[in-house]
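Visitor: I would like to learn how to read a protein model, one feature at a time. Could we go through one together?

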Amino acid sequence: MRRSGFLASSLAVSVAIGVAVTSFVGFPRDIVATQNMATFDSSTIVGQKLWNETPVQLLYTFMRGGTLLNPGVPGEGGFEFGTRLRLAYGDEKIGFGNQIADVRDGVTKDVLDTFRSNLRTTGYESVTPCPHNYDLDCEVIFTWNRDRTKEVGIRMVFIRLGELEYGVVDDSLLGAE
Amino acid sequence: MIDLQLINWPVTLSLGLIQIGSFLFLRASKNLAFPVAILGFVTAASLAVLVKILIPSVDATAVLLVISALVVFLVFVWARPLPRKSSILAFAASAVTAALFAVSQVVTRLGGYSSIGFGDGQTVIGISEGFQAGVYDRPDGIIGLKRGFGLPAYQSLGFEGEFLVGFLPVVFLAALVATYVLLSNLISNRTLLNVSFASLLVILLSTESVTRHVYLMNTHSLTWTIFAVLLVGLLKFVKSEQDKSTWVMVCVALATASMLRADNLLILAPTLMLLTWLARSEPKLHRVGFWVATFVPFASWATILGFGLPGLGLFGFPLFAVLGVLLGLMVMWVTVRPWANDKMVQWVAKGILLGTLLLAFALSSETWTSIVNMFINLFLGEGLWGATPLFLVLLYVALVSLDRGPVSQQQKWIFAVVVSTAAAMVLAKFGNGLSISGQLGSFVRIGWGDSLNRMSLYLIPGIVALLILRAERVWNRFEGKSKR
């Protein structure tokens, strides 16, 4: 009797661990909490957007009606989370065909620094596997012109800002009309 | 050496005091004293901030300490004569709870842990900052109702300029403890209970949608706690094991939910009605108490919003509370009709879900899309639930196929709460759509941030309760066979 109870208990815990491992390995994961906050001051948190969220969840929350330009093909220089976006946007709203635009080309360092700094002012920052090498971690700045939040058809462009920095920004911020 | 200034001592003391009161009051079910203390603290803190808004010269923390001390005093008076052992245990429980909160504050600060970025959370700490500074920018009607009161109120008791750092993990812990207590009220087999809960913990803590709530600046884990406590109360009524502390515990849970958000009134409505039915042998005053606890706290904070109800102004909300209590009296009148019985009430609860779905299909062209989105969130991972929902469905099917015997009254009532609450959550989401766009629209969108996806946390206590009741039957069946 005691033996069968022990076996049943071991089985239950093993199955639970199996479910946990499946959740970790076989399903999408984003982030659980923001870490390494330098301050808990409410104004600073809101003003500087210190709380993190991943680009994919930000797209789901704020850009439901949008189209996504050149996130790149996952595994071929594109964002790893690109395949997840298919469920919400369908292939017709994602331009997988083009590679991520490298905005470093043809601009001076000062211009690029100013641009990055502007994006950070309003952007959410998060860390995700680098599109160019999934073994590395890259920072992604996600931002958009807040006046366009409800705009149907807003276009979010995936760009490379630095060696380990990428951006997901709406096209009005790029002047890409 | 840890800097003791990292700890918010006055608020920690207040929580400790309320824990003493909760422990002494719930001596018959001590394990529930911690979650109920958390609920009591949130209600007391919200009340203190409400007083500060009405009388700006007072200090909210001082008011909170006075309320907490008053709670302890009243419980000591109520519980007399009190065995020395109970008093010692109450102080020990208080020390443990205060220590837990203190450790949480230190760990949170040292690790710099905080909420993930979510618009609602940022709005909440913005309102909370206003409460703290005494500059309350009364929000517009719908925004004010949606954001609620209790969360920004108790969060405003943090250090100057900050929210209440380290409290949310304690709330999450309270939700887990309340769920354990709920399960322990359902089954007597301790081995099965502990193994099931250990397995449940492994699964829940590996589910990102759940663990996000450890620090998420929102009311979800608190509402999870509330539902677990309410289910414990409801089951005590089902089994006729209720005492006076059951009634107080249920009222505290209802009042806390009412303090938090306006839509909680709708989400809790089915549970409130089922409680009123199951407590029909209780004195009328006790049952009216459930409705007063649900509607009066809401009316009290809604009157400080920047708008009144159409044509009624600020008197509208107190009037709404009176109407709510009158509705309760009407429900009580129905409960004594000769044609009303358990079976009918259970069918009505299930019918609410069916009715809601029919309404959705009739009035919204996006209902099917919503259902598909819900499937994607729950089973394909975009709601960050991992393999958990799929496993729970498979487990339930397996347990049902292993034992197809008649279901118990407990199972029937818990099932009624789960399905009717799920329906109320969909209705609340429709209300949200109506207030924003004037149409029902879609009630589920893809992604973790979808309201229904996040609110699914409320159903965890009910769902695991149903599973463990099934598991116990299967366990007993196999145990019986092995004995033979």
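Guide: Let us begin with burial, where a residue counts as buried if 20 or more other C-beta atoms lie within 10 Å of its own, as exposed if 12 or fewer do, and as partly exposed in between, with C-beta atoms placed from the backbone. In chain B, buried residues make up 53% of the 484 residues. This is a predicted model, in which local features need pLDDT of at least 70 and side-chain atom pairs count only at pLDDT 80 or more, while totals for chains, interfaces and linings use all residues. Residues are numbered from 1 along each chain as its sequence is written, and chains are lettered from A and ligands numbered from 1 in the order in which they are written.

Visitor: How many helices and strands does the secondary structure of chain B come to?

Guide: Helices (H or I, at least four residues) and strands (E, at least two) are DSSP runs, numbered from the N terminus. Chain B has 21 helices and zero strands. Its radius of gyration, taken over C-alpha atoms, is 22 Å, close to the 23 Å that the globule rule (2.2 Å times the number of residues to the power 0.38) gives for 484 residues, so chain B is as compact as a globular protein of that length.

Visitor: Is helix α11 of chain B largely enclosed or open, and why?

Guide: Of the 19 residues of α11(B), 18 are buried, so this helix is largely enclosed by the rest of the structure. It covers residues 220-238 and reaches 26 Å from its first C-alpha to its last, close to the expected 27 Å. Just after α11(B), B:S240 takes a positive phi of about 55 degrees.

Visitor: How many residues of chain A are in contact with chain B?

Guide: Two residues are in contact if their C-beta atoms, placed from the backbone, lie within 7 Å. By that rule, 44 residues of chain A are in contact with 47 residues of chain B. The largest share of the side of chain A that touches chain B, 13 residues, comes from α1(A).

Definitions and conventions
Expected span 1.5 Å × (residues − 1).
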